[in-house]
Amino acid sequence: MTERDILRIAVQAADDKKAENIVALNMKGISLVADYFMICHGNSDKQVQAIAREIKEKAEEHGVVVKRVEGFDEARWILVDLGDVVVHVFHKEDREYYNLERLWGDAPLEHIESDLRA
């Protein structure tokens with residue numbers, strides 16, 4: 001399974017739980033941490049947790065090793081480490097505050113439109 005396949009699984013899982021403003025940054029050559037960062041947000045603690053839980057479960061169903069999940073109990077910024085793909089699930093206000101898209105502004109956006117529901 002490629003890192004792009006893992007990204008697709010994460011994007012679809014987040015989309016299934018109605019995550020908002022899902023974006024993927026191509027971090028190849030920019031970060032040694034991962035090839036892709038996926039960023040999305042929910043509008044409540046419960047939705048943020050549901051998004052992260054769905055991503056973790058779908059990844060495991062496809063045989064992807066989930067290295068760690070951080071921030072689940074607080075539900076403000078949950079990090080799901082899928083190895084080559086690191087998923088950031090934010091609460092809306094925290095996403096606006098941390099603004100990872102601006103922080104990693106030199107990373108090109110990955111085209112994920114075909115992975116989202118119609």
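1. Helices (H or I, at least four residues) and strands (E, at least two) are DSSP runs, numbered from the N terminus. Arg 4 lies in one of these elements, helix H1, which covers residues 3-16. The model is a predicted one, in which local features need pLDDT of at least 70 and side-chain atom pairs count only at pLDDT 80 or more, while totals for chains, interfaces and linings use all residues. Residues are numbered from 1 along each chain as its sequence is written, and side-chain values use heavy atoms, with hydrogens and water left out.

2. The surroundings of Arg 4 deserve attention. Buried means under 20% relative accessible area, exposed over 50%, and partly exposed in between (1.4 Å probe, protein chains only). Arg 4 counts as buried because its relative accessibility is 18%. Leaving aside residues up to four places away in sequence, Arg 4 touches Tyr 36, Glu 110, His 111, Ile 112 and Asp 115, where contact means heavy atoms within 4.5 Å.

3. One of these neighbours also meets Arg 4 through polar atoms. The side chains of Arg 4 and Asp 115 make a polar contact at 3.1 Å. A polar contact is a pair of N or O atoms within 3.5 Å; within protein, one must be able to donate a hydrogen and the other to accept it, and residues adjacent in sequence count only if both atoms are side-chain atoms.

4. How many salt bridges does the structure hold? There are 14 salt bridges, each being a side-chain nitrogen of Lys or Arg within 4 Å of a carboxyl oxygen of Asp or Glu. A network of salt bridges links Arg 4, Asp 5, Arg 8, Glu 110 and Asp 115. Asp 5 is partly exposed at 29% relative accessibility, and Arg 8 is partly exposed with a relative accessible area of 29%.

5. Glu 3 counts as partly exposed at 21% relative accessibility, and Lys 28 is partly exposed at 39%.

6. Another salt bridge joins Arg 68 and Asp 81, with their closest N and O atoms 3.2 Å apart. Arg 68 lies in strand S3 (residues 68-70) and Asp 81 in strand S4 (residues 77-81), so the pair ties together parts that are 13 residues apart in sequence. Arg 68 is partly exposed at 41% relative accessibility, whereas Asp 81 is buried at 9%. Arg 68 also stands opposite Asp 81 in S4.

7. Two strands pair if DSSP finds at least two bridges between them. S3 and S4 run antiparallel and are joined by 3 bridges. They form a hairpin with 6 residues between them, and Gly 71 in the turn has a positive phi of about 85°. S4 is mostly covered, with 4 of its 5 residues buried.

8. Which strands pair with S5? S4 and S5 pair in the antiparallel sense over 5 bridges, and S2 and S5 pair in the parallel sense over 7 bridges. Ile 78 stands opposite Val 89 in S5, and His 41 has Phe 90 as its bridge partner in S5. The hairpin of S4 and S5 has 3 residues between the strands, and there Gly 83 takes a positive phi near 85°.9. Strand S5 (residues 85-91) is mostly covered, as 7 of its 7 residues are buried. Val 85, Val 87, Val 89 and His 91 point one way from S5, while Val 86, His 88 and Phe 90 point the other way.

9. Rings of Phe, Tyr and Trp (its six-membered ring) pair if their centres lie within 6.5 Å; planes under 30 degrees apart count as stacked, over 60 as edge-to-face and the rest as tilted. The count comes to 5 aromatic pairs. Ring pairs link Phe 90 with Trp 77, Tyr 97 and Tyr 98 into a cluster, and Trp 77 stands opposite Phe 90 in S5.

10. Val 66 is placed in the loop between helix H2 (45-61) and S3. Val 66 counts as buried at 18% relative accessibility. The C-alpha atoms of Val 66 and Gly 83 are separated by 7.3 Å, the two residues being 17 residues apart along the chain. Not counting residues up to four places away in sequence, Val 66 touches Lys 56, Ala 59, Glu 60, Val 80, Asp 81 and Leu 82.
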